[in-house]
Amino acid sequence: MLYDVIIIGNGPAGLTAAIYGMRAGLKTLVLSDNPMSGGQIATTYEVDNYPGLPKIGGMELGDKFEEHAKALGAEFRQASVSSIEDHGDTKVVVTDKENLETKTVVISIGADHSKLGVPGEKELTGMGVSYCATCDGAFFRNRVVAVVGGGDVALEDAIFLSRFASKVYLIHRRDAFRGAMVLQEQVKANEKIEIIYDTVVDEVVGKDAVECLRLSNKKTGEQCELPVNGVFMAVGTKPNVVGIQGLPEQDEKGYLVAGEDCATSIPGIYAAGDVRTKQLRQVITAAADGANAITSIEKYLNGQK
Ligand SMILES: Cc1cc2nc3c(=O)[nH]c(=O)nc-3n(C[C@H](O)[C@H](O)[C@H](O)COP(=O)(O)OP(=O)(O)OC[C@H]3O[C@@H](n4cnc5c(N)ncnc54)[C@H](O)[C@@H]3O)c2cc1C
């Protein structure tokens, strides 16, 4: 079986590519290692910035995308991709189950949260250590939490958590934030949020749940323990590229280098969604990439590119 397009990943980018692929009359297969449709978005409680669907549940949005692609006839298989072989006009996608042949590939494998890498973080994940304020914030109603980070996500998380928690510490390793000024102003005006500058987390401490954070001030060297019930890590994301051979050109962080047309350094292989170099990683930009990748593929298959 020779597919026109194999899409790797069933997040918003991959599922939108599947919809556009089927509507373009392409023989389309979606591969994913994730049994839940929607990728990352399925892990969030609510999405309130996808146009036309205010306050939709993350899982519901993912299901809607997949139902749409399936209704148009896209084929789905659960498999983990370990390699993409470029044989010119055809490509071979190697999975843990089989090798599949295709004319083109859309890589839409998304990104993942970076870890702080301190003792106790891994052990207490799910027991007070979280990477998703939207998912877990409500569990910390009237409790004390910390957010670690200094970008937009950390600032947004602190504001969001202040709706539930009795107190939010925002711990940043520098003396100024990188995040948007409007968010900085909101954080500073929020009485529940206390900013701790120039400080790093050395350890997350707790037996069956987070009890406190061991902190060091980078300027003074002073160490202290901060009692908290939860800690939200907002220290960035990284692309899900580890363990996959044959990928096209990547930037210094591992993101696949591609512009709005999603074309990569390998003809016939496209990168869509959070995994590609881009300004904004959101559902709407991932979905837009899925559409653009298929438009580029149509041109490629027609010999226009
Ligand atoms: C907690 C949370 C809340 C968010 N809230 C919002 C929000 O409110 N609004 C918004 O617009 N965006 C939000 N986002 C961001 C949004 O979810 C992402 O930008 C979007 O999901 C990216 O889509 P994607 O298709 O590029 O990748 P993903 O959604 O990451 O999907 C990639 C898929 O590929 C699969 N995969 C990875 N590697 C392989 C492999 N080797 N083989 C096979 N399959 C593989 C993964 O398992 C996954 O299913 C949120 C993200 C998180 C984590």
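In the predicted model, threonine 199 is placed opposite asparagine 217 of strand E15.

With regard to overall dimensions, the C-alpha trace of the protein extends over about 65 × 35 × 35 Å along its principal axes. The radius of gyration is 21 Å, which agrees with the value near 19 Å that would apply to a compact globule of 305 residues. Among the contacts that link residues at least 6 apart in sequence, 57% are formed between residues at least 24 apart.

Burial and surface composition were also computed for the protein. Of its 305 residues, 50% are buried, a class that takes in residues with under 20% relative accessible area. The accessible surface amounts to about 14700 Å², and carbon and sulfur atoms contribute 50% of this area. As for charge, the protein carries 31 positive and 41 negative side chains, and a separation of 2 Å is found between the centres of the positive and negative sets.

Key. Residues are numbered from 1 along each chain as its sequence is written. This is a predicted model: local features need pLDDT of at least 70, side-chain atom pairs count only at pLDDT 80 or more; totals for chains, interfaces and linings use all residues. Side-chain values use heavy atoms; hydrogens and water are left out. The radius of gyration is taken over C-alpha atoms; the globule rule is 2.2 Å times the number of residues to the power 0.38. Buried means under 20% relative accessible area, exposed over 50%, partly exposed in between (1.4 Å probe, protein chains only). Contact means heavy atoms within 4.5 Å. Accessible areas come from the Shrake-Rupley method with a 1.4 Å probe; for residues, only the protein chains shown count as cover. Lys and Arg count as positive and Asp and Glu as negative; His and the chain ends are not counted. The place of a charge is taken as NZ of Lys, CZ of Arg, CG of Asp or CD of Glu. Two strands pair if DSSP finds at least two bridges between them. Helices (H or I, at least four residues) and strands (E, at least two) are DSSP runs, numbered from the N terminus.
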